[in-house]
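Please consider the structure shown below. The paragraphs that follow lead from overall organisation to individual residues.

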Amino acid sequence: QNSISWEVQRFDGWYNNLMEHRWGSKGSRLQRLVPASYADGVYQPLGEPHLPNPRALSNTAMRGPAGLASLQNRTVLGVFFGYHVLSDLVSVEKSGCPAEFLNIHIPPGDPVFDRDQSGDVVLPFQRSRWDPETGQSPSNPRDLVSAAGGGVGLAGPEAAAERIPSRRTHDSRGPSPLPDPPGRPTPGSNIAMYEWLPSFLRKMPPEYAGYRPFLDPSISPEFLAASEQFFSTMVPPGVYMRNASCHFQGVINRNSSVSRALRVCNSYWSREHPNLQRAEDVDALLLGMASQIAEREDHVVVEDVRDFWPGPLKFSRTDHLASCLLRGRDLGLPSYTKARATLGLPPVTRWQDINPALSRSDGTVLEATAALYNQDLSRLELLPGGLLESHGDPGPLFSTIILDQFVRLRDGDRYWFENSKNGLFSEREIAEIRNTSLRDVLVAVTKVDSGALQPSVFFWHAGDPCPQPGQLSTEGLPACAPPIMRDYFEGSGFGFGVTIGTLCCFPLVSLLSAWIVAQLRRRNLKRLQGQDRQSIMCEKLMGGIKAMEWQGRKEPCRPVLVHLQPGQIHMVDGRLSVLRTVQLRPPQQVNLILSSNHGRRALLLKIPKEYDLVLLFDLEEERQVMVESLRGALKESGLNFQEWELREQELMRAAVTREQRSHLLETFFRHLFSQVLDIDQADAGALPLDSSQKVQEALTCELSRAEFAESLGLKPQDMFVQSMFSLADKDGNGYLSFREFLDILVVFMKGSPEEKSRLMFRMYDFDGNGLISKDEFIRMLRSFIEISNNCLTKTQLAEVVESMFRESGFQDKQELTWEDFHFMLRDHDSELRFTQLCVKGVEVPEVIKDLCRRASYISQEKLCPSPRVSARRPRKDADIEVELTPRRLQYPNDTDPPQEIRRRFGKKVTSFQPLLFTEAHREKFQRSRRHQTVQQFKRFVENYRRHIGCLAVFYAIAGGLFLERAYYYAFAAHHKGITDTTRVGIILSRGTAASISFMFSYILLTMCRNLITFLRETFLNRYVPFDAAVDFHRLIASTAIVLTVLHSAGHVVNVYLFSISPLSVLSCLFPGLFHDNGSEFPQQYYWWFFQTVPGLTGVMLLLILAIMYIFASRHFRRCSFRGFWLTHHLYILLYVLLIIHGSFALIQLPRFHIFFLVPALIYVGDKLVSLSRKKVEISVVKAELLPSGVTHLEFQRPQGFEYKSGQWVRIACLALGTTEYHPFTLTSAPHEETLSLHIRAVGPWTTRLREIYSPPTDDSCAKYPKLYLDGPFGEGHQEWHKFEVSVLVGGGIGVTPFASILKDLVFKSSVSCQVFCKKIYFIWVTRTQRQFEWLADIIREVEENDRQDLVSVHIYITQLAEKFDLRTTMLYICERHFQKVLNRSLFTGLRSVTHFGRPPFEAFFNSLQKVHPQVRKIGVFSCGPPGMTKNVEKACQLINRQDRTHFSHHYENF
Amino acid sequence: RLFWMLRVVTSLFIGAVILAVNFSSEWSVGQVSTNTSYKAFSSQWISANVGLQIGLGGVNITLTGTPVQQLNETIDYNEEFTWRLGENYAEEYANALEKGLPDPVLYLAEKFTPHSPCGLHGQYRLAGHYTSAMLWVAFLCWLLANVMLSMPVLVYGGHMLLATGLFQLLGLLFFSTATSLTPPCPLRLGAATLHTHRGPAYWITLTTGLLCVLLGLAMVVAHRMQPH
Ligand SMILES: Cc1cc2nc3c(=O)[nH]c(=O)nc-3n(C[C@H](O)[C@H](O)[C@H](O)COP(=O)(O)OP(=O)(O)OC[C@H]3O[C@@H](n4cnc5c(N)ncnc54)[C@H](O)[C@@H]3O)c2cc1C
Ligand code: HEM
Ligand code: HEM
């Protein structure tokens, strides 16, 4: 059963020795014969100033002509056989890791390597692999590691012998690429030991005396260096080829010239040499080598080896001898004299004694060498010394070293063929092997006649067959190919640049796509709005002619219905509201222009003094219908009209669009005002002569009523407009001319109160009888408050009028003369004085504004000390006191009567703004600037200390991670060697990678909404600002992107450096990826970017991030939230890619998942919580459409739904897709049974929501689509109850949280819950109070329940743009009266105070400080449009600068 | 009740399989009985069963004498060599040499060293690495699926189950591409050659993967047809 009766030897040399299994194995240490000599005693090689430059040494000691024959007639076959023997025994060529270089600096002007005399040529030389356990301390200096095991013994030469006859062995080995365990040794060992070695050393090794188990067969570094060196002197410049019949054949070179022999230097590595195609060629080569005499054994080495030895790929040629010298220094070889002494050779004391024969024949070599070594023989290295010794034979030093090594290899080898104990061979077989010579082998494998080979193939003596034609010298041989420098990066520069450029373009591409998305969305939204208009129109189509109105080149067309009525043309939209009315009055000249091309669909009606009407029809017939009826209508109203045709484009060009018209009007107004001022100054009314035609045109144009109304910001139907218009329109033609307008403006701008009130009087004296009846008075008031007609009944109005009459003592009058009227307004004399007509769209000229401002700053009495005003003073104060009375209770400490009347200043006075004694306290507050800044900073820190703390912790961790990695790669990772290749790149990229891992992981925590909502109720809220989660999210994201860019930049540097590093270096850095087989180029940049896992995923990550970040920018989020939402969910892909990114463990073990795991689990848990409740269907109980696009939804409260006022929920509507959730603040209070939301239609989702929940015709609530609800989520506003005094500022739809809070507060106080809160100011900023009437209802409810006067509500109506406009003035007057009488606002019907204009936050806060002097901290909560919250923020900052009450501001925009 | 039991058992089975398979070394297995040299310093041969089990994180090599007692020794070895990230296979192999493990074990282990010309190391290591990662993901999906199945969101549970299955199958794909891409490397032990083929872990992952996919699909389809 067992076919083999001997023990099989391992290939790697293990288990050769019974005791020391490792001895001689592959990868074990070299065994020194002589102690190492390193510069630092440990591992630094000796180098230049101490020892000469290796190339200089090689030039000095080893240069010489080729063509001298071996003194012993050694053949070339022996030389090359020896090479093979040795290369199997000793290969340390494997370079060490990390890569260390001992480069050969070529002396300037070297004839081979530095032909252009640059003087900076460096041939790379890399140090070899060493045993990491050595080289740390002086007693154990660095030892190299052998790549081939000496323990294999001379079985290695086995392979060498086998390799020669390549043909045969190939068949016998079979196709397997893997060498299997060797079988029995064959004659190779014998030939090497007993035939080749004696021929080489001319010394017979001692007789074999059996296996010596205690002998270490390991290779010594001395042997390693010496053997190779010695061969090189014998290498010829070329090799002959001959056939069996002694014919020396010519050799065809690459350039197809024919030469005598194969040139050595051009044949390294060339496997496809034209002369070596067939197996016979190899035979010819072997025979040629057997006949050829080697070079002389002296110090001279041929140029093929010395100058043209194949180098690394980067530098195609190197100096073999210089490399060997360096290898010797790398190995830490001892000096020549020391080695001789240690090996027991007689000492050499003089340079000449090294080689007496040489010094006799050519003493200059020795002298020159001595000069290089500073005449110091003790410095002479082993290699040059040994080489200089040789003369005909290796010198004694080399011989000793080599013989010693071979004997040890033989005697320490358990498997040596002569060792009969290993059971490999019988005595007979041993004898047979001993008798086999290389000649026998050659004869056997090459099929040549034995007569064609001499008996001893390692020598060629005279008389042997086939003498060589002559000793080969370099003459007649082709020249060696010169060295080539290869730049690994050559040709990659452009591609590399393009790649980087492309990476940089990712954001641009993303930007472009975001822009396209935004455009598409805008168009969709428009279409959506257009559609519903059209659909409604289709339903309600009645009368009129359908057409599209063209509104200008850039504007969209809108669908209209045209109603022709005698005297006017109405255009209505789908909802039947009038869009435009065109008046047709007889004297007008109208032009009707029809288009003549493009299907003849357009119609242009040119009406003087108005912008033109351009209508587009679907069909020509439809237009025809329109034209017919137009003609009829025009005739009917007796207008002249002309008709003609134009091409459509010209028609459109001819049309005066609305925009053009408004430009015209702008000029008109501008001139108007300048006129008024001119009048002011010069008191002259002449029109200026303006050359500009445009101005002329503008000045001759006339205002229609609609335009007039619009310029006042009112509706044309308003009574105020109507009366005003008819008053101004003196000629009664239905238009205001420049002159007419000017006249009336002059009164407003410049007139005295009397004039103004007379104007008013005339306006409302409808019947023109010079008296205003009560009825007319009521109509007047009504006209003022038309905008708020909701809350005043007729009787209330009558009541007001009564009271006003009574107040002035006219209770029994039915009609008022102008004097009476004026008297009634006397209180408000000053308001009237500054009343102007405020014209919308036109800047009030600065001068006028200045005037107002000045007037208001310096109290007006000073400006115009009218006795009348001062006379009225007491009354006025009384007036204010009345106003204040209801508020008094709350301000017990506020007893001072108002000292100065500053109420005209700025906005209307808030009633609780009792005093402004700025003068008295000025010094106290206004300290130095620096103090203020410090104070502001202190306040800032105080306000944001939690934020600052958290940020500091977060960034400290991130920075720490960065530093840890940076430190590691900069200082601690030297063993990896990567730092030497790319220092900055690796530090940057790995450091940032660590920080990025942390940031991208923990960014998830900021989005754990449920967790945050939960935690904010706990003590943690004192340390962590949970409100700022989203801001924090953004901050982290923006820091992370910066780091990511740095990371990528670092890797760009790395990739560049990697792609120019030789493979030997790369194989150290990435042992798993590269093997340094010496014949390959390093990978190019694109391989790193696109064919490695981190590279490709990195590029993808960059793309994803570009998309995510662009779409997440504020602008695009506003444009297309859906786009943001969808792209933002790429974060899942981002994490997947990030995990894959590091998974390849290219540089270090992946770490991202360690960072990621915890936050990811928390996040998923959080999402699961949301998921568990957000898929529960909730039915809507009630839906209401409120004005200004607000939808009110009331729905069931899910079980166990607990929330705080001010919190928000996310809802999805089943009818609108179950995945799209939108956040809305709850407007119901926690104690209520149901939940309610108020949703304003701003975008597609909310608009459609509004449509869906329009009240059904039959009211069954079951018909409403159901909702999904997720929440509640916390919000900064819910913290209102933590402050004694809070100010809530709501603007627009931002009042929703406060609705809930107010209700909650009042409920709590009414059920006499203990509330910390003492006072709440609610400031409601709205454009018109009509916008959010529903809130008024809530406020009313609050006011009714608010027994303890906890809430004080202030409403600011901003639409009435300028406080000095006439209408506002009148309203103000009435409002005051109304409040006095009914204790509620005329506008809103609320008890709260209504103001006009924008809230003066700073003044407001200032007065709060005085009202609540004992309160240290006041909470300000604002919610609404960013502009408003910003104002609040600014005001808070300003106030906080002072050293008083602290205002802490929380805001939210949506 | 029975249905509930069934559900729990299936779910536990799936989870257990995913976990077990991840640590199993039976992804590729091979077994040969042969006569082979046994140890250093001895020319004696033994007859033994040599087994090779390739897992995701390493190989397991077994050597069992037939009979177990030969040469007065008990020949029953089971050695593991791992190549997980962070572990150094070459070092383990060097330690094995130091330890002096039996020849066949060393021989097989050597074939998987990084520098072996067989090139098995890189392939199997990468494949194992990514397959293992996929299985971990599948395991997380399974956890999520369980959580979701116990919540009122059954469809999502279905989706997760589907994902579990898909990740297992993806893992299998990784493993098989890598193993089928490696050039054949004959493992000769004595006269016999060791051939490997897919092992039980592979097949059981395939079945559970398919099971998950089917269950998941069924749930999703059921939801489509009948949303409530
Ligand atoms: C905490 C919070 C509370 C809110 N409370 C109310 C409220 O009580 N009443 C109310 O009418 N509105 C409220 N909003 C605003 C409301 O969410 C958006 O108006 C609504 O989502 C718009 O959706 P859309 O598709 O119709 O409009 P789009 O045109 O798509 O968006 C308009 C703007 O709304 C924002 N937005 C859109 N969708 C979302 C979303 N899913 N999540 C967050 N922001 C989005 C975007 O910034 C976008 O610029 C609140 C927003 C937030 C963040
Ligand atoms: C400048 C960059 C970024 C900005 C401005 C930004 C902004 C936002 C905003 C405003 C939200 C809240 C959306 C909402 O619920 O209303 C959000 C959610 C989120 N963001 Fe970002 N983000 C950015 C970058 C990132 C990055 C880089 C990641 C992850 C790697 C990320 C992950 C998330 C996650 C997970 C959510 C939660 C999504 C959800 O609730 O479903 N964000 N982001
Ligand atoms: C051109 C682009 C990029 C290249 C070439 C690149 C390259 C690399 C490389 C080579 C590594 C080391 C991986 C290893 O050791 O195995 C790495 C790690 C890392 N990279 Fe990149 N990267 C790029 C872009 C990015 C981007 C855009 C991000 C961020 C989103 C990123 C985040 C990371 C992280 C977090 C790590 C650490 C991984 C870990 O430890 O698990 N990289 N990158």
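Helices (H or I, at least four residues) and strands (E, at least two) are taken here as DSSP runs, numbered from the N terminus. The model is a predicted one, in which local features need pLDDT of at least 70, side-chain atom pairs count only at pLDDT 80 or more, and totals for chains, interfaces and linings use all residues. Residues are numbered from 1 along each chain as its sequence is written, chains are lettered from A and ligands numbered from 1 in the order in which they are written, and side-chain values use heavy atoms, with hydrogens and water left out.

Chain B contains six helices and seven strands. Read from the N terminus, its elements follow the order α-β-β-β-β-α-α-α-α-β-β-β-α. The C-alpha trace of chain B spans about 75 × 35 × 25 Å along its principal axes. Of the 228 residues in chain B, 49% are buried, where buried means under 20% relative accessible area, exposed means over 50%, and partly exposed lies in between (1.4 Å probe, protein chains only). Among contacts (heavy atoms within 4.5 Å) in chain B between residues at least 6 apart in sequence, 67% join residues at least 24 apart.

The surface and charges of chain B may be described next. Its accessible surface, by the Shrake-Rupley method with a 1.4 Å probe, comes to about 10900 Å², and 64% of this belongs to carbon and sulfur atoms. Chain B carries 10 positive and 11 negative side chains, and the centres of the two sets lie 17 Å apart. Lys and Arg count as positive and Asp and Glu as negative, while His and the chain ends are not counted; the place of a charge is NZ of Lys, CZ of Arg, CG of Asp or CD of Glu.

Most residues other than glycine have a negative phi, and most peptide bonds are trans. In chain A, however, a cis peptide bond joins Cys97(A) and Pro98(A), with omega about -5 degrees; Pro98(A) is placed in the loop between helix H2 (76–89) and strand E1 (104–105). In chain B, the bond from Thr66(B) to Pro67(B) is cis, with omega near -5 degrees, and Pro67(B) belongs to strand E3 (residues 58–70).

Asn72(B), although not a glycine, has a positive phi of about 60 degrees. This residue lies in the loop between E3 and strand E4 (73–82) of chain B and counts as exposed, at 78% relative accessibility.
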